[in-house]
Amino acid sequence: MPTTAVRVSGLTKRFGEVQALAGIDFEIPEGTIFGLLGPNGAGKTTAVRILATVHKPDAGSAEVLGYDVVKDPNEVRMRIGLAGQYAAVDPNLTGRENLRLMGRLAQVEPSYIPPRADELLRSFDLVDAGDRPVRTYSGGMRRRLDVAASLVQKPPVLFLDEPTTGLDLQSRQALWNTIRTLVHEGTTVILTTQYLEEADQLADDLVVIDHGKIIAQGTAGELKRNLGGTVIELTMGEDTDVDRAISLVGAVTGSEPERQGALLRMPSPDGSHLLTQMLRRLDDEGVQPTAVALREPSLDEALTTPVKSLDTALTYAAAQNYLDERSRAMKRIERGGTMTMDVEPKKLPIALVNRYLEIKRTGRL
Ligand SMILES: Nc1ncnc2c1ncn2[C@@H]1O[C@H](COP(=O)(O)OP(=O)(O)OP(=O)(O)O)[C@@H](O)[C@H]1O
Ligand SMILES: [Mg+2]
């Protein structure tokens with residue numbers, strides 16, 4: 001039986017009018033990576049801050065390694081590291097000085113501090129910059145130092161709030177590897193991110209939070225499979241020969257889609273893979289649906305326009321992804337290239353969720 005590192009039950013938190021957390025529950029086994037995913041304002045940082053004893057919850061409870069965050073905050077603090085969303089390092093100190101200061105603040109045995117600081121500078125690729133004031137660092141270097149600073153005391157439980165936001169791909173991958181090494185050595189990591197890809201790379205389990213509520217929960221694989229159990233809907237334009245569209249679609253799926261006026265509907269056991277193939281086939285033949293939807297099968301088929309739920313958002317995301325891809329393909333043709341689309345079918349669900357998060361973030365389709 002794995003021991004539980006973090007247990008959260010019915011956690012709620014309100015800031016004035018804003019219900020930042022509306023009752024969330026999860027458990028994190030020791031030695032695993034847990035992803036907290038969600039758009040801006042979802043409540044990720046609030047959850048992390050409550051677990052790290054920065055905020056008190058209004059209701060519900062949270063425990064870290066068996067210690068209640070409200071009743072035993074000091075016990076919790078001794079066992080956690082926190083790399084917040086905003087860099088907490090002192091810009092006027094050098095990287096090395098910052099790490100040593102963190103060590104002293106965390107009451108690490110003094111003789112351990114200098115070698116630990118050196119080790120961290122090495123593993124975060126900051127050796128050359130180690131003796132420069134942090135104000136001269138690039139954003140990515142600061143971010144790396146910030147994560148390094150949370151590791152001086154080798155905490156058994158580590159909170160990383162959007163650790164890779166603003167990092168380039170190389171630094172991001174380097175940080176992922178560092179996180180994997182820590183977990184291999186027994187650390188439990190709680191990571192917030194806006195990128196499902198990141199959670200997919202790292203997290204054993206994840207929850208997607210939106211408006212302070214958990215809207216999806218499971219392993220990345222489970223989440224993707226859930227997103228795959230979908231219905232495809234294609235709406236044809238007025239001047240499209242719908243019968244021809246039906247036969248083209250039927251040739252891809254092996255059976256005729258259900259027709260409702262200009263709307264074609266069919267189940268898609270493999271999620272967006274089939275949709276991608278279908279759109280390619282239609283596009284090759286010059287048939288362009290006016291709307292594309294990929295959604296959970298539902299008795300209530302009313303298509304509400306506001307982006308309210310994950311599946312409605314995914315509908316838009318699927319359509320938008322396709323349109324983006326298509327316009328990129330058209331641009332390539334204009335430059336004399338060939339008509340191929342870059343959508344990698346297996347990766348599409350991830351792209352959709354990222355797209356969903358982006359829609360939520362920007363409020364734009
Ligand atoms: N100290 C605070 N005072 C007032 N409102 C707050 C405070 N902290 C958070 N909020 C509000 O609570 C909600 C959740 O914020 P939170 O920072 O937890 O979101 P998040 O998921 O971390 O978002 P982001 O991706 O932008 O970091 C937001 O509406 C935010 O404005
Ligand atoms: Mg945040």
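Of the 13 residues around ligand 1, those that come nearest are F15, A20, K44, T45 and T46. The structure described here is a predicted model. Two elements, β2 (18-29) and α1 (44-51), each supply at least two residues of the shell around ligand 1. The largest share, three residues, comes from α1. By class, the shell around ligand 1 holds four nonpolar, eight polar and one charged residues.

**The sheet that includes β1 and β2**

Strands β2, β1, β4 and β5 form an open sheet in the order β2-β1-β4-β5, and the pairing is antiparallel. The edges are taken by β2 and β5 (67-68), each with a single partner strand, so one side of each is left without a neighbour in the sheet. Strand β1 (residues 4-15) pairs with β2 in the antiparallel sense over nine bridges. Within this pairing, F15 has V18 of β2 as its bridge partner; F15 is also among the residues that come nearest to ligand 1. The hairpin of β1 and β2 has two residues between the strands, and G16 there takes a positive phi near 55°.

On the β4 side, five bridges join β1 to strand β4 (residues 59-64), and the two run antiparallel. T12 stands opposite A59 in β4. Helix α1 lies across β1, β2 and β4 and runs at about 120° to β1.

A second topic is the open sheet of six strands, which has the order β6-β7-β8-β3-β9-β10 and mixed pairing. Here β6 (80-83) and β10 (213-218) stand at the edges with a single partner strand each, so one side of each is left without a neighbour in the sheet. From one strand to the next, the twist averages 15°. Strand β3 (residues 33-37) and strand β9 (residues 205-210) run parallel and are joined by four bridges. The bridge partner of L37 in β9 is V208. Helix α6 (residues 169-184) lies across β3, β7 (157-161) and β8 (188-193), and its direction is at about 150° to β8.

**Helix pairs**

Two packed helices are described by the angle between their axes and the distance between the axes. The table gives these values for two pairs.

| Helix pair | Angle | Axis distance |
|---|---|---|
| α9 (residues 242-253) and α10 (residues 272-284) | roughly 135° | within 9 Å |
| α3 (residues 95-105) and α4 (residues 113-123) | about 130° | 9 Å |

With this angle, α9 and α10 are oblique to each other, and their crossing is right-handed. On the α9 side the contact involves A245, L248, V249, V252 and T253, which meet L274, Q277, M278, R281 and L282 in α10. By class, the contact of α9 with α10 has seven nonpolar, two polar and one charged residues.

Helices α3 and α4 are likewise oblique to each other, and the crossing of α3 and α4 is right-handed. From α3 the contact draws on G95, R96, L99, R100, G103 and R104, and from α4 on I113, P114, R116, A117, L120 and L121. The contact of α3 with α4 comprises six nonpolar, two polar and four charged residues.

Notes
Residues are numbered from 1 along each chain as its sequence is written. Chains are lettered from A and ligands numbered from 1 in the order in which they are written. This is a predicted model: local features need pLDDT of at least 70, side-chain atom pairs count only at pLDDT 80 or more; totals for chains, interfaces and linings use all residues. A residue is near a molecule or strand if its C-beta atom, placed from the backbone, lies within 6 Å of it. Ala, Val, Leu, Ile, Met, Phe, Trp, Tyr, Cys and Pro count as nonpolar, Asp, Glu, Lys and Arg as charged, and the others, Gly among them, as polar. Axes are lines fitted to C-alpha atoms, for helices over the stretch in contact, and angles run from 0 to 180 degrees between N-to-C directions. Angles under 35 degrees count as roughly parallel, over 145 as roughly antiparallel, 65 to 115 as roughly perpendicular and the rest as oblique. A crossing is left-handed if the near helix is turned anticlockwise from the far one by less than a right angle, and right-handed if clockwise. Two residues are in contact if their C-beta atoms, placed from the backbone, lie within 7 Å. Two strands pair if DSSP finds at least two bridges between them.
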